[in-house]
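Okay, thanks for coming, everyone. Let me put the structure up and walk you through a few spots in it.

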Amino acid sequence: MKEYDAVVIGGGPAGITAALYLARSDVSVALVEKLSPGGQMLMTHLIENYPGFPEGIEGWKLADLMAAHLGHYAVDRIGDEVRAIETVDGKHRVTVGGETIEATALVLCTGARYKRVGIPGEKEFAGKGVSYCALCDGNFFRGQTVAVIGGGNSALEESLYLSRLVKKLYLIHRRDDFRGQKCYQDRCSVSPVIEILRSTVVCSISGTDSVSGIEVRDVKSGDCHTIPVDGVFVFVGFEPQGDFYPDGLDRDSGGFIKTDDEMRTSIPGIFAAGDIRSKSCRQVATAVGDGATAAHAAYAYISSRFTQG
């Protein structure tokens, strides 16, 4: 069983930053990421609010830059899936694929994924007109009509991206007011392609081999009608990724990991950073800050164990 001072699970901006800071502290580090590094950045067309890029930067480019930066340091990369974590005699054992590695400190940066709405037709038409990634699938709907469900930053940003490709876009939000930033709201409201349907919910998604329409209901009047669409993009928030967390790890009602200001969890030696944390703001900038803070706290924990030893 290979031992490390620290193991970071997740290769998004939080995980890359945590691994970078730990490697620079001259401790042994492994970064576990089952897919390509970058996390949610890989599914974001343009990141406009990360400092240092006044014209914005495509998500995949920022992911590549971060991964290249980490590549200058001695970090073991493990490209497999974590299956279990257990704490034994104060050390944390991580089952990755078919092997087990051990760490003094563990930093969980497993991120979050887009939630499902849970309406009839959503599951049946996933990949057949229902999508959770505009960057991945938007080009399939070039010149067609689509609906976007959601009211936060993701829904507004992705609507703006899709509006460059599609003929018509219905932006559907269950409330009167959007949660997303006003700058995105303003741009959506003046787009000739985007029609905003407020106080409206999608009741079902219909079609045969692929999506052909949605049934919507006005939550104030109760009126229902069908809108012909070729695709439906869902952006209604996030849910935590990972089902391998150890017993005793405190989480909130949504399943996100609770931490203190230093990213310490309820289990000594285990830290959490980025979108997996219980918090209100999930952005690349906050993930990077979380990763740096978690690495600093993890290094202090590792150092204290050396002193005790």
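This is a predicted model: local features need pLDDT of at least 70, side-chain atom pairs count only at pLDDT 80 or more; totals for chains, interfaces and linings use all residues.

Residues are numbered from 1 along each chain as its sequence is written, and side-chain values use heavy atoms, with hydrogens and water left out.

So, cysteines. On accessibility, buried means under 20% relative accessible area, exposed over 50%, and partly exposed in between, using a 1.4 Å probe and protein chains only. C133 is buried at 5%, while C136 is partly exposed at 44%.

What about C109 and C281? For C109, the closest cysteine sulfur is in C281, 16 Å away, which is too far for a bond. C109 is buried, at 7%. For C281, the closest cysteine sulfur belongs to C183, at 13 Å, again too far for a bond. C281 comes out partly exposed, at 37%.

Next, the helices. Helices here are DSSP runs of H or I with at least four residues, strands are runs of E with at least two, and both are numbered from the N terminus. Take α4, residues 153-162, and α5, residues 182-190: their axes come within 9 Å and cross at roughly 40 degrees. That makes α4 oblique to α5. Oblique is what's left once you take out angles under 35 degrees (roughly parallel), over 145 (roughly antiparallel) and 65 to 115 (roughly perpendicular). The axes are lines fitted to C-alpha atoms, for helices over the stretch in contact, and angles run from 0 to 180 degrees between N-to-C directions.

Who makes the contact, meaning heavy atoms within 4.5 Å? From α4 you have N153, L156, E157, S159 and L160, and from α5, Y184, Q185, R187 and C188.

Last stop, V29, which sits in strand β2, residues 29-32. V29 is buried, at 2% relative accessibility. Leaving aside residues up to four places away in sequence, V29 touches several residues, including Y4, L22 and D76. The C-alpha atoms of V29 and D76 are 6.4 Å apart, although 47 residues separate the two along the chain.

Technical notes: Contact means heavy atoms within 4.5 Å. A disulfide is a pair of cysteine sulfur atoms within 2.5 Å.
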